[in-house]
Each structure stands twice: as structure tokens, then as C-alpha cells.
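Student: I have a model open on my screen and would like to learn how to read it. Could we go through a few features together?

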Amino acid sequence: MQRLTFGSITVDAVSDGVLSCALTGMLPGADPADFRRLGGCDDGETLLLPMLTFVIGSVGKTILVDTGIGPTIGSLGRAGYGGTVGLLPQGLARTGIDPATVDAVVFTHLHADHIGWNVTDRNGELVPTFPNAEYIVSKSEWAFWSATQSRDIARCVRSIEERGQLRSVEDGFEPAPGVQMIATPGHTPGHASILVTADGSGCVIVGDAAHHPAEFEDPTLQPPYDSDPAMARETRLGLAERVEAEGLLVAGGHFPAPHVGTLVRVEGKRRWRWLGAG
Ligand SMILES: [Zn+2]
């Protein structure tokens, strides 16, 4: 993805790697033709899922949205996923981002593939990868995960909380001017999307509110990982309506390259259009 610019705000995508899984495992009932058309599944069978983070620059502040899957594939390997991961440190370096200069890490949600680089193992000690950052999560998301015994949460989030770097916030929180967390629940109970707006244009980073743009075209497509399927469908529909009404760009946590596009009407139907495609 090329750098997006809204007024003085910039947005860059930085990938932590790519996982692959069976298309019908991720999105039961998916029509392979739609995925050949939209990307991410050229053979009609294997869906390639980039593990994306986003760097937002606003008024001298650097904000990282999610931290990827981390140095190893972890429990997803046992769930049938394959691929290459752990590329975020090199990706940030290529983008010119020193981890020590990140002011805030903002989470869409706390699944393992979005919190992996919260910490780095230094000779057996887990230290924050972003030592000067506040790590920001929605109150409802933290309320849910802090009540679980998840090992990923213990490793990647509790360790941050113990150092006093975790902050849980209400819906609508603005980590920087023009950057706002908006509640988009359903994939997880406190899932948030990140709305970036300036000078009448903007984009919404939807995390896993949709795993692939095809889910905006066909509301019946649904991954088995949505914790509340009905709420997730309602959220996707609400996002699609807002994107259309406000002319927003949409970037997803796992959308194939170029990772960003928008929704248009073609013969009355909602259609995805990649940024830069006609
Ligand atoms: Zn994810």
C-alpha cells in the first residue's frame, strides 16, 4: 500500500507476514470466483492473509495500530495455518520507524495475531517492543480478555499492564487529533476500528471486522472466528453504510494488497473497489 494522506495525517501499512489457510475454512460458502476477482485467493482454494499493522502520523505523534502475530506462528500452526511471520521489525525499519519513537499502540482487538510484537524476548525477559508507548485498548475488550486465562494475553498484554503501560479507554477515544477509536463489536466483544479523518477525507482501519473485502459485498460471508456472529454481521453492515455515506477508504487487518479500497454502487449492488483501480 502506498502512503495514504489525509490533510497532514499519514497512514502506512506495515506487514508482519502472510498466513495461508483454506478459503472455505475461513469463509464457508465463499464463491472462489469472487476471490479471484478481488484478490487474496488466486487459485480459488487457498486464502492468503497478510498480517497487517498500520502506522499513523498525526501532529508529530506516531501511532501503531496492532502489533502483528509476532516472531512465531504460535497456536495458529496447530489450527492448520502456514506461512511466514515475524517481519514487523524489518518492516518498521524500512518505513523509517524507530520503535522507541512510537507514542501509542492502539489495538483493534486482542487476538493473538494482533498483539504478537507487544513484547520482545531479551535473553528470557519480556520487554515492551515499544518502550515509550502507551498501549491503548477499548475498555470492553480488556474487560473480556482480562477475565480469561489466555497464555497469549498473559505474555503480550498482562506483561505490559504490569509495567503500567496499558490504558483502557471508552468508545470514541482519540489517541491523536483526527484519529478516533469507534466501537465495532462482534468479532470480539470490544473490537474497535480506527477512524482517521482530516480536511473532509478519511479512512477506517477495520481490523478484523472484515477479514476480506468480499464480506462487505456479501453480508452472508462470515468467518468462524466471530464471537457474536449476529452482532458481527450488524457491525459489517453499519461500517459499509458509513463508508458509502461518508466516502471513506477502508483498510483491513488481513486485506490482500493493496490493502485499501472503498465501496461503490454498481447496478444497485454494493461493490468493493481497490484504491487505484479505475
Ligand atoms: Zn486477525
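**Reading loops, a helix and a cavity**

Tutor: Let's start with Glu267, which lies in the loop between strand 15 and strand 16 (269–274). Helices (H or I, at least four residues) and strands (E, at least two) are DSSP runs, numbered from the N terminus. This is a predicted model, where local features need pLDDT of at least 70 and side-chain atom pairs count only at pLDDT 80 or more, while totals for chains, interfaces and linings use all residues. Residues are numbered from 1 along each chain as its sequence is written, and side-chain values use heavy atoms, with hydrogens and water left out.

Student: Is Glu267 buried or exposed?

Tutor: Buried means under 20% relative accessible area, exposed over 50%, and partly exposed in between (1.4 Å probe, protein chains only). Glu267 has a relative accessible area of 81%, so it is exposed. Asn123 is exposed as well, because its value is 84%.

Student: Where is the cis peptide bond?

Tutor: Most peptide bonds are trans. Here a cis bond joins Ala257 and Pro258, with omega about 10°. Pro258 is in the loop between strand 14 and strand 15, and His259 is found in that loop too.

Student: What does His259 touch?

Tutor: Contact means heavy atoms within 4.5 Å. Not counting residues up to four places away in sequence, His259 touches Met1, Ala13, Pro50, Leu52, Val250, Ala251, Gly252 and Trp274. His259 is buried because its relative accessible area is 11%. A polar atom of the His259 side chain also lies 3.4 Å from the backbone nitrogen of Ala257. That is a polar contact: a pair of N or O atoms within 3.5 Å, where, within protein, one must be able to donate a hydrogen and the other to accept it, and residues adjacent in sequence count only if both atoms are side-chain atoms.

Student: How do I read a helix, say helix 5?

Tutor: An α-helix has 3.6 residues a turn, so residues three or four places apart point the same way. In helix 5, the buried residues are Ile153, Cys156, Val157, Ser159 and Ile160. Their cover includes strand 9 (134–138) and helix 4 (139–145). For length, the expected span is 1.5 Å times one less than the number of residues. Helix 5 (residues 151–162) has twelve residues and reaches 15 Å between its first and last C-alpha, close to the expected 16 Å.

Student: What is found at the ends of helix 5?

Tutor: Ser150 caps the N-terminal end, with a side-chain oxygen 3.3 Å from the backbone nitrogen of Asp152. After the helix comes Gly164, whose phi is positive, near 75°.

Student: Which residues line the largest cavity?

Tutor: On a 1 Å grid over the protein atoms alone, a cavity is a set of points where a 1.4 Å probe fits but cannot get out; lining residues have an atom within 4 Å of a point. The lining here is Glu215, Phe216, Pro219, Arg233, Arg236, Leu237, Ala240 and Arg270. Helix 7 gives the most, with four residues.

Methods
On a 1 Å grid over the protein atoms alone, a cavity is a set of points where a 1.4 Å probe fits but cannot get out, and a pocket is an open set with protein on both sides within 12 Å along at least five of seven lines; lining residues have an atom within 4 Å of a point.
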